[in-house]
Amino acid sequence: MQQKITGIRPCTWVYLLLMLLTLLTWTVGVMGLNGLTVALLVLGLSLIKGHLIGDYYMGLKLVSGGWRWVIVAWLIIPGVFISVAFYISGGG
Amino acid sequence: MLRQKTPGGDLAIWIFIIAELLVFAIFFATYAFTRSSHVEMFNASQLTLDSNLALINTLSLITSSYFAVRAVAAMREDKARQCFNWLLGALLMGLVFLIVKLVEYNHHYSGGINMRTNLFYMFYFSLTFFHFMHVVMGMIILSANAFKTRAGNYSAQNYTGLETGTNYWHMVDIVWIILFPLIYVMR
């Protein structure tokens, strides 16, 4: 039986959140904010965005077991490497 | 909540997605560690990029991904016509991305900037063009999905092919979501 969708769909809320986080990231760039803390914060926002896409757009939220975390696991890999590299260089 | 054991779409596409993501992860790490030895040059070069165009591109891909999600949701409700329209919307936003990126490339090339200008631009052109080709591939797959939707090949009971295509498209989106701050914002 098809479930009738009423109100705003979760994917629409996620879309609006993704747009908001993107604008926030862009604002940081336009304002010329830099340094290790800012860089890691911006990276963190992007990792959250990636997780939201995995969960809500790719449907991993509804999957059990290892597949549930496949995108999160991937996000951690570049996330750690980029963080370490920026830490070494002191961010700015 | 009823949970599935495997993600939506063909399992083979997930193996492909993981392989693709790992390649991009290596590129990202290589960029970040190379940057750590040339911070001043990377930061100065980064400032010459147009973050407004990058913003348009990011919003385009996120919107395109959202349209792809709505296309699958429409097919789940057996609304093939709506699904087709959402897919056209997704393709249109993908096209916006490609056009904006070409405008950006043209701006750099006409200003005498290319891959050999410096290490930053070598990474900039390599990474973004590699991603660009993935957008092209994703659009070809989504076009095939749209044709099959139009032809009535999918239904509420059978839309694995559609999910396969849209999941590849979301992967392209996720990669750009990391690329955007890494290349344009973080310094």
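Predicted model: local features only at pLDDT ≥ 70, side-chain atom pairs only at ≥ 80, totals over all residues.
A90(B) counts as buried because it has 28 C-beta neighbours inside 10 Å, where 20 or more are required. One of its contacts, S64(B), is 26 residues away in sequence, yet the two C-alpha atoms are 4.1 Å apart in space.

### The two chains

Chain B is made up of six helices and zero strands, in the order α-α-α-α-α-α along the sequence. Chain A has three helices and, again, zero strands, and its pattern along the sequence is α-α-α. The table sets out the values for each chain.

| Chain | Span of the C-alpha trace along the principal axes | Residues counted as buried | Share of contacts at a separation of 6 or more that join residues at least 24 apart |
|---|---|---|---|
| Chain B | about 55 × 35 × 25 Å | 46% of 187 residues | 81% |

For chain A the radius of gyration is 16 Å, whereas a compact globule of 92 residues would have a value near 12 Å.

### Helix α1 of chain B

Helix α1 of chain B covers residues 11-35, and its 25 residues reach 36 Å from the first C-alpha to the last, which is close to the 36 Å expected at 1.5 Å a residue. The buried residues of this helix are I13(B), W14(B), I17(B), L21(B), F24(B), A25(B), F28(B), Y31(B), A32(B) and R35(B). An α-helix has 3.6 residues a turn, so residues three or four places apart point the same way. The cover over the buried residues of α1(B) includes elements of both chains: from chain A there is α3 (70-89), and from chain B there are α2 (39-46), α5 (119-150) and α6 (160-185).

### The loop residue D78(B)

Between α3 and α4 of chain B lies a loop that contains D78(B). Most residues other than glycine have a negative phi. The phi of D78(B), by contrast, is near 60°, a positive value in a residue that is not glycine. With 14 C-beta neighbours inside 10 Å, D78(B) counts as partly exposed, because this class lies between the limit of 12 or fewer for exposed residues and that of 20 or more for buried ones.

### Where the chains meet

Across the interface, 39 residues of chain B are in contact with 40 residues of chain A. On the side of chain B that touches chain A, the elements giving two or more residues are α1, α2, α3 (51-76) and α6 of chain B. Of these, α6(B) gives the most, with 11 residues. By class, the residues on this side of chain B divide into 23 nonpolar, 10 polar and six charged.

Two helices of chain A pack against α6(B), and they can be taken in turn. Helix α1 of chain A, residues 10-30, packs with α6(B) at an angle of about 10°, the axes being 10 Å apart. At that angle, α1(A) is roughly parallel to α6(B). The contact is made by T25(A), V28(A) and G29(A) on the side of α1(A), and by F180(B), P181(B), Y184(B) and V185(B) on the side of α6(B). Its residues comprise five nonpolar, two polar and no charged ones.

Helix α2 of chain A, residues 36-57, packs with α6(B) at an angle of about 175°, with the axes 10 Å apart. This angle makes α2(A) roughly antiparallel to α6(B). From α2(A) the contact takes V42(A), L43(A), S46(A), K49(A), G50(A), I53(A) and Y57(A), and from α6(B) it takes H170(B), D173(B), I174(B), I177(B), I178(B), P181(B) and V185(B). By class, this contact of α2(A) with α6(B) has nine nonpolar, three polar and two charged residues.

Definitions and conventions:
Residues numbered from 1 in each chain as written. Chains lettered and ligands numbered in written order. Helix = DSSP H or I, 4+ residues; strand = E, 2+ residues; numbered from the N terminus. Expected span 1.5 Å × (residues − 1). Contact = placed C-beta atoms within 7 Å. Rg over C-alpha atoms; globule rule 2.2 N^0.38 Å. Nonpolar A, V, L, I, M, F, W, Y, C, P; charged D, E, K, R; others polar. Axes fitted to C-alpha atoms, helices over the stretch in contact; angles between N-to-C directions. Parallel < 35°, antiparallel > 145°, perpendicular 65-115°, else oblique.
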